[in-house]
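Subject: Structure handover

Hello,

Below is the structure for your set-up work. My notes on what was found in it follow.

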Amino acid sequence: MQIFGIPLSGILSQLLLGLVNGSFYAMLSLGLAVIFGLLNVINFAHGAMFMLGAMLAWMGLNYLGLNYWVMLLLAPVVVGAFGIVVEKLFLRHLYKLDHLYGLLLTFGLTLLIEGAMRALYGVSGQPYSTPDVLRGATNLGFMVLPNYRAWVVVASLAVCFATWYMIEKTRLGALLRAATENAKLVEAFGVNVPLLVTLTYGFGVALAAIAGVLAAPVILVTPLMGSNLIIVVFAVVVIGGMGSIMGSIITGLLLGVIEGLTKVFYPQASSIVVFVIMVLVLMFRPSGLFGKEK
């Protein structure tokens, strides 16, 4: 069977590969949405945190002999702790200022982190081997799907929806959302709001680190891997609605699939289709598809 002269198997295979890319978009945009929605900070350093997660996984394996599964747990903790230090030393002084100050600070932080990694490892990519248990592929009939890519989709969806549930359906999430609306009132009930804010930023960048570890066996680990992805992820967040948790998840997955389909029907536009959609959304719904109208 063919659609517009293209075999159905080719379309379905691109849909699945697009879903893999969409999983990375969803996880990264989720972390951005958490930080912006709860802290009101545009975290341009998110791509650098993604890269740090992948680099830590590579360093853990090559220097300490720590396997993929250990680093999948350890790298987010290390990056999250680094994020907590950044929030305590720098970001907390900017919350009452214009968004531009936070953007400029995190942009400068990105340049520092990327510059340090380039000085240590250069710009050439470092390969990271797939875990033994996830090697091989599964024949789906219309394509042969690598087992690791299937794992990426499952793990990303699990993390994304667990995060959404925690923020939207638990008491902790309710406190976080209340603190963004009226911090003084929440503090009056004995809640340590500054600590909540600090942990929120640490958690947001830890999500980026998890995505980095998941990406390490798929793409070459390089100091520039985050900067190549962060612009697209920002577009995803804008389309979904700044601060919308579920919007970021759904939009990231959908745009990954749309990008994959574009590679089938009009490959030349695959690198810009996300930005075309962003322009259209901003024209007709500036708050984003899932954002709240002001």
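A residue is called buried under 20% relative accessible area, exposed over 50% and partly exposed in between (1.4 Å probe, protein chains only). This is a predicted model, in which local features need pLDDT of at least 70 and side-chain atom pairs count only at pLDDT 80 or more, while totals for chains, interfaces and linings use all residues. Residues are numbered from 1 along each chain as its sequence is written, and side-chain values use heavy atoms, with hydrogens and water left out.

Salt bridges. The criterion is a side-chain nitrogen of Lys or Arg within 4 Å of a carboxyl oxygen of Asp or Glu. Searching the whole structure gives 2 of them. Arg92 is paired with Glu87, with 3.5 Å between the closest N and O atoms. Arg92 is partly exposed at 33% relative accessible area, whereas Glu87 is buried at 1%. Asp132 is paired with Arg135, and here the closest N and O atoms are 3.1 Å apart. Asp132 is exposed at 60% and Arg135 partly exposed at 46%.

Helix packing. Helices (H or I, at least four residues) and strands (E, at least two) are DSSP runs, numbered from the N terminus. Helix α2 (residues 46-63) packs against helix α8 (residues 193-215) at about 50°, with the axes 7 Å apart. Axes are lines fitted to C-alpha atoms, for helices over the stretch in contact, and angles run from 0 to 180 degrees between N-to-C directions. The pair is therefore oblique; under 35 degrees would be roughly parallel, over 145 roughly antiparallel and 65 to 115 roughly perpendicular, with oblique for the rest. On the α2 side the contact (heavy atoms within 4.5 Å) includes His46, Met49 and Phe50, and on the α8 side Tyr201, Gly204 and Val205 are among the residues involved. The contact residues comprise 11 nonpolar, 4 polar and no charged, where Ala, Val, Leu, Ile, Met, Phe, Trp, Tyr, Cys and Pro count as nonpolar, Asp, Glu, Lys and Arg as charged, and the others, Gly among them, as polar.

Single residues. Gln126 sits in the loop between α4 (99-121) and β3 (137-139) and is buried at 18%. Beyond its neighbours within four places in sequence, Gln126 contacts Trp58, Tyr121, Leu220 and Val221. Ser244, in the loop between α9 (227-240) and α10 (245-265), is buried at 13%. Leu73 lies in helix α3 (residues 68-89) and is exposed at 65%.

Regards
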